[in-house]
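Please keep the sequence and the structure open while reading.

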Amino acid sequence: MSSSSSPCAACKLLRRKCTQGCVFAPYFPPDNPAKFANVHRVFGASNVSKLLNELPQGQREDAVNSLAYEAEARLRDPVYGCVSYISVLQLRIKQAREDLAAARKELAGYIGPA
């Protein structure tokens, strides 16, 4: 259960009592209800609960953060999700490499080949 008397965002959205052993409470605080709402909408509370219960305690926070990031991306772009971000970043890397190659070629004209 959360440190205050209010239920975690998950229990509040699911309209259930937040118990001491609530698997969601450490990762979905009551002051950020949108985080759980997005994760629940995309993955479902039952699937997230199963996933968290199967993971070691040390990996749960990273898993929740990944799920929240993927859920937000899925809600923005239902077809590609995070893949659209990856594609944009890959295009930026490609452009940066091309710009670097062009700059090296231009510099070689001034200082000679390295």
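The points below are grouped by topic.

The model is predicted. Two helix contacts come up here, that of α3 with α4 and that of α2 with α4.

**Helix α3 against helix α4**

- Two packed helices are described by the angle between their axes and the distance between the axes.
- Helix α3 covers residues 45-54 and helix α4 covers residues 57-76; they pack at an angle of about 150°, and their axes are 9 Å apart.
- Because angles over 145 degrees count as roughly antiparallel, α3 is roughly antiparallel to α4.
- The two helices, α3 and α4, cross in a right-handed sense.
- On the α3 side the contact is made by Val48, Leu51, Leu52 and Asn53, and on the α4 side by Arg60, Val64 and Leu67.
- Sorted by class, the contact of α3 with α4 has 5 nonpolar residues, 1 polar and 1 charged.

**Helix α2 against helix α4**

- The axes of α2 and α4 are 8 Å apart, and the packing angle is about 70°.
- Angles of 65 to 115 degrees count as roughly perpendicular, so α2 and α4 are roughly perpendicular to each other.
- From α2, the residues in the contact are Lys35, Asn38, Val39, Arg41, Val42 and Phe43.
- They meet Val64, Asn65, Leu67, Ala68, Glu70, Ala71, Arg74 and Leu75 of α4.
- The contact of α2 with α4 divides into 8 nonpolar, 2 polar and 4 charged residues.
- Asn38 sits in helix α2, which spans residues 33-43.
- With a relative accessibility of 19%, Asn38 counts as buried, because the cut-off for buried is under 20%.
- Apart from neighbours within four places in sequence, Asn38 is in contact with Ala71 and Leu75.

**Aromatic pairs**

- Tyr69 is in helix α4 and Tyr85 in helix α5 (residues 82-111), so the pair links distant parts of the chain, 16 residues apart.
- Tyr85 has 28% relative accessibility and counts as partly exposed.
- Phe24, Phe28 and Phe36 are linked into a cluster by ring pairs.

- Cys82 is placed in helix α5.
- Its relative accessibility is 15%, so Cys82 counts as buried.
- Not counting residues up to four places away in sequence, Cys82 touches Tyr69, Glu70 and Ala73.
- From C-alpha to C-alpha, Cys82 and Tyr69 are 8.2 Å apart in space, and they are 13 residues apart in sequence.
- Ala103 also lies in helix α5, and is partly exposed with a relative accessible area of 36%.
- The C-alpha atoms of Ala103 and Cys11 are separated by 56 Å, and the two residues are 92 residues apart along the chain.

**Arg15 in a loop**

- Arg15 is found in the loop between α1 (9-14) and α2.
- Its phi is near 55°, a positive value in a residue other than glycine.
- Arg15 is exposed, with a relative accessible area of 78%.

Methods: Residues numbered from 1 in each chain as written. Predicted model: local features only at pLDDT ≥ 70, side-chain atom pairs only at ≥ 80, totals over all residues. Heavy atoms only, no water. Axes fitted to C-alpha atoms, helices over the stretch in contact; angles between N-to-C directions. Helix = DSSP H or I, 4+ residues; strand = E, 2+ residues; numbered from the N terminus. Parallel < 35°, antiparallel > 145°, perpendicular 65-115°, else oblique. Left-handed = near helix turned anticlockwise from the far one by under 90°. Contact = heavy atoms within 4.5 Å. Nonpolar A, V, L, I, M, F, W, Y, C, P; charged D, E, K, R; others polar. Buried < 20%, exposed > 50% of the residue type's maximum accessible area, 1.4 Å probe, protein only. Phe/Tyr/Trp six-rings, centres within 6.5 Å; stacked < 30°, edge-to-face > 60°.
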